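Please open the model in your viewer and keep the selection tool at hand.

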Amino acid sequence: MWETLPKNGSPALRPQLFPTAFMQSISGLNQTQAPWTCWISGSHNMKNISEIRKIDGIWTLLVDGKPFTMLCGEVHNSSASDAGYMEEQVWPFLKGLHINSLLVPVYWEMIEAKEGDFDFNVLDAIIEQAEREGVKLGILWLGLWKNGISSYAPEWVKKDPGRFFRSEDRYNRPMDVISAFCKAAVEADAKAFGRLMEHIGEKNKETQNVILVQVENEVGLLGSDRDYSPEANALFAKEIPGEVSGMYERSGSWEQAFGEEAAEVFMEYAYARAVGWIAKAGKEAYPLPMCVNAWIEKFPWRPGGYPSGGPIARFLPLWKRFAPDIDAVCPDVYTSDFKGICREYKTAGNPLLIPEHRRDIRNISHLFYAAGACQALCFSPFGIEDFLMPPETRTGIGNPEVMKILNIDKSAWECEKTGVFLGLAYQLLASSMDVIYRYQKMGKVHGFLRENEHDKGTVIHLSSCDVQIGYIDQKPDTPKSAGLIIESGDREFYAAGVNFRYSLLPPKNEMREAGILEYSEGQFRDGEFRRGRILNGDERYCMLMLEKPELQRVKWYFYQEDIER
């Protein structure tokens, strides 16, 4: 099959197999325009079509020609299959969250229930609902693969195993997933996806309401390290393709070239080529920014325990090489190691988007670190309609057996108290983003996040002083310490976040003393700070933020110059 796939023309990369060298190998690329960045072309009206590109060294999502951060949520898998359900059970519960965008699935089995006949009525209704609500949409294409299986492939695909053959495990048992080596299946998916993108292009002619598309969902093979179907076995026994040999500077069969890692590299190459082919068909029809999401590596860290072949961080360069029409490779975050995950996926010139995030109140404050330290283009907790819905009416799956299959701990699924906090945090960040964009390109925006109970604080270095951040111990049902500092002037900064205290420190080796000119709370409106209360009384002895997200401004001066030692 591989010989028939398009030979994408991005430059050959030469990473090693091991994580550090693998990521560092392309760290110098993409300082201006990457070969996989969305290019504006085609016959549609391309005025102000959304795109991802670097501006002043910062990856930026442009919507209607302006920077845009998706303060977002993803609906449950099945919610968007019924526009009436969306109207009654989703949109009413989003109003208090202050989202500016929403991720919703589009299902191959619905839009092409009969081969060659396409029906976009449900999608069109949801686009109209979003436009009414003033919310942009990201589309999740649930085609051949979702969470390592083929649950959303049409009936005519599922019932024709001769034409659309399945993967097999090491015992040659058929699996509930169409093989990534099945050319007919990949071609059929690409055709449907291209038709979907063409339709979105038509809908976007008047208003650019759909701004992003995710291609498939958490691809890879779950339950087996590789596909053992006859077609896959034949390819596995062959010499590795020349483009893989050149990339890794290895030769021989897959086992000869990669040893114990052979099965996983084999599947990574297969899925990257297949998804790349599907994405290419979509980009040619209508070139919106496109991403793929990853079910990240978890205990016991064996391929098949997580979907083997999915776009995990170790294989970012491979995905960039063989799926160049994908603009971003994104982590789905259900663990608490948020800093580590962001470091992995923000490496190698990859824009950071988080299309799925855990739901619990303790970890939802990650969004401040994402915005402040990582320039994340999207932050999106999963099952967003649950957050302000009465518990007795929630329909989201929280079954312990399902959580076990998905390898998600129960606490990640809880959303008590999350909705109120998230609404306040999104409201604060939405009003602050113009200011964040202004100072981010100058390197003046700093994020911080408490990683665990042993982490006591951090020090943020500004141009003429330091800010000492002390983390406040919190109860289990409150958000962990997180926030950002915006250095807006020589002796002025803004602080935003939750559950921390802070104070000024002179630079090291200096004996000057800093005093407070103004300590105030407020909010941004149209890029300008509108001051509320001035807190120059007792509050200045302990500048802090508690469980409610806040924005504060500090102006200071040095009232005592350097002292002779």
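Is E51 buried or exposed? E51 counts as buried because its relative accessibility is 16%, where buried means under 20% relative accessible area, exposed over 50% and partly exposed in between, with a 1.4 Å probe and protein chains only.

This is a predicted model, in which local features need pLDDT of at least 70 and side-chain atom pairs count only at pLDDT 80 or more, while totals for chains, interfaces and linings use all residues. Residues are numbered from 1 along each chain as its sequence is written, and side-chain values use heavy atoms, leaving out hydrogens and water.

Select residues 51-55 next: this is strand β1, where E51 is placed. Strands (E, at least two residues) and helices (H or I, at least four) are DSSP runs numbered from the N terminus.

Now move to the sheet. Four strands form an open, antiparallel sheet in the order β15-β16-β19-β22; two strands pair if DSSP finds at least two bridges between them. At the edges, β15 (457-461) and β22 (543-545) each pair on one side only. Select β16 (residues 466-471), which is joined to β15 by five bridges. Within β16, I469 is the bridge partner of T458.

Finally, select L102, W145, W254 and W319, the residues with the most contacts inside the largest nonpolar core, which has 138 residues. Such a core is a set of buried Ala, Val, Leu, Ile, Met, Phe, Trp, Tyr and Cys residues joined through side-chain atoms within 4.5 Å. Helix α10 (residues 262-285) supplies the largest share of this core, 13 residues. Apart from this core lies another, of 21 residues, among them F448, I469, I485 and M543.
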